[in-house]
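Hi,

Here is the model I promised to pass on.

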Amino acid sequence: MAKIVPRISINIKQLASVLVVQANSFLIALLSALVSELSWNFVPFLFWLFFLVMLVISHASLPSEDYWKLVLPHTPMPKAIQDLLQPKGLRSVDAATPYCGVQIGLNKAFQSTGEDAHYDSNGGSFFLETDLHPGKKMKLKLAITTNEAAFLPHQVAESIPFSSDKLSEILSRFSLKEKSAEAKVIKKAIEECEEPAMEGEAKYCAKSLESLIEFSTSKLGSRNVNVLITNDVKPMTSQEYEFGVGMKKIADKAVVCHEVYYPYAVFYCHAFAKTRTYMIPLVGADGSKTKAVATCHLDTSAWHPKHVAFKVLNVKPGTVPVCHFIHSNDMVWIPK
């Protein structure tokens with residue numbers, strides 16, 4: 001399979017720095033022109049304006065780690081997010097690799113065969129809220145794949161097209177042919193991000209850590225947040241887990257972000273009006289232990305009536321809360 005590589009080899013951080021320097025130079029030139037044309041009475045105002053604009057630019061050009069510390073000073077950065085900031089190059093998307101959690105596309109009917117086979121009852125992680133008690137057993141695959149993609153710097157990510165009408169340009173940047181299997185994966189990812197939100201849902205595909213932070217905190221109405229990730233699970237393994245003692249509800253409001261299968265890190269984030277989030281101790285059949293995050297949807301009336309969750313649980317839309325686990329590639333943002 002062809003590797004996905006940029007058409008032009010360039011250091012991304014250097015490119016971001018160049019863009020910021022150019023913006024600063026432009027502002028200095030603009031300020032000089034204004035000073036030459038306006039009365040000296042306006043000069044103090046212009047310098048204050050320049051200072052404020054430069055402050056905004058400096059924040060926007062901060063490394064992602066520093067941006068996190070600036071806007072989320074009381075929230076430790078999880079190791080999984082730290083890993084997403086480590087330079088890895090672009091990921092080669094394998095069209096044969098099952099990917100993406102069952103939580104994306106709740107308004108779709110998924111089949112248990114073909115390309116969506118990973119949505120079946122064995123790989124699915126749906127359960128009823130009434131199942132939340134010690135001793136409940138489920139066969140789960142909590143780790144879909146390892147994190148091979150990395151976030152691009154914010155300025156770089158925003159400069160790269162991400163829309164169906166720019167698909168040809170996107171494929172050209174990744175040196176892919178339009179009818180290749182990899183192109184199909186990229187096309188599908190973009191189309192999922194462009195689909196309209198369901199009733200009661202707010203959604204956004206974040207192409208950088210900065211945009212993910214802004215969407216999540218804006219929907220929670222606070223920057224005093226916790227970021228939760230299911231840890232300590234083996235990649236690509238499926239086994240039976242038993243619910244342990246000590247499960248607890250941790251939030252009535254949440255933003256869930258699912259990693260999208262794409263050459264660089266993109267997260268499909270969404271928030272629903274009526275949810276409850278739980279932390280559930282799990283003990284695997286092999287003796288392994290983890291604390292998994294699960295979200296319960298209290299109103300499923302807008303879900304597709306043939307969604308696999310209703311088939312697996314033998315319930316109808318809008319009748320009972322439906323819950324699902326959060327995979328290790330995903331994250332949940334909740335208010336403290």
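Below is what I found, going from the whole chain down to single residues.

A word on the ground rules: this is a predicted model, so local features need pLDDT of at least 70 and side-chain atom pairs count only at pLDDT 80 or more, while totals for chains, interfaces and linings use all residues. Residues are numbered from 1 along each chain as its sequence is written, and side-chain values use heavy atoms, with hydrogens and water left out.

The chain has nine helices and twelve strands; these are DSSP runs numbered from the N terminus, with helices being H or I of at least four residues and strands E of at least two. Of its 336 residues, 47% count as buried (buried is under 20% relative accessible area, exposed over 50%, partly exposed in between, with a 1.4 Å probe and protein chains only). Among contacts with a separation of 6 or more, 74% are between residues 24 or more positions apart (a contact means heavy atoms within 4.5 Å).

Now the sheet. Five strands make an open, antiparallel sheet in the order β3-β8-β7-β12-β4 (two strands pair if DSSP finds at least two bridges between them). β3 (201–206) and β4 (225–228) are at the edges with a single partner strand each, so one side of each has no neighbour in the sheet. On average, neighbouring strands here are turned by 20 degrees against each other, direction ignored (axes are lines fitted to C-alpha atoms, for helices over the stretch in contact, and angles run from 0 to 180 degrees between N-to-C directions).

Six bridges pair β3 with β8 (residues 266–272) in the antiparallel sense; across them, glutamate 201 is opposite phenylalanine 272 and tyrosine 204 is opposite cysteine 269. On the β7 side, five bridges join the antiparallel β7 and β8, with histidine 258 partnering tyrosine 268, and a hairpin of five residues connects the two strands. Seven of the seven residues in β8 are buried. Val266, Tyr268, His270 and Phe272 point one way, and Phe267, Cys269 and Ala271 the other.

Next, the helices. α8 (residues 209–220) lies across β3, β4, β7 (255–260), β8 and β12 (331–335), at about 40 degrees to β12. α3 (residues 64–71) packs with α8 at an angle of about 20 degrees, their axes 10 Å apart.

Finally, two loop residues. Histidine 327 sits in the loop between β11 (322–325) and β12. Histidine 327 is buried, at 2% relative accessible area, and its side chain reaches the backbone oxygen of lysine 141 at 3.3 Å. Leucine 298, in the loop between β10 (289–297) and α9 (308–313), is partly exposed at 29% relative accessibility. Leucine 298 touches Glu129, Lys274, Thr275, Arg276 and Pro321, leaving aside residues up to four places away in sequence.

Cheers

Note on methods:
Polar contact = N/O pair within 3.5 Å; in protein donor to acceptor, adjacent residues only side chain to side chain.
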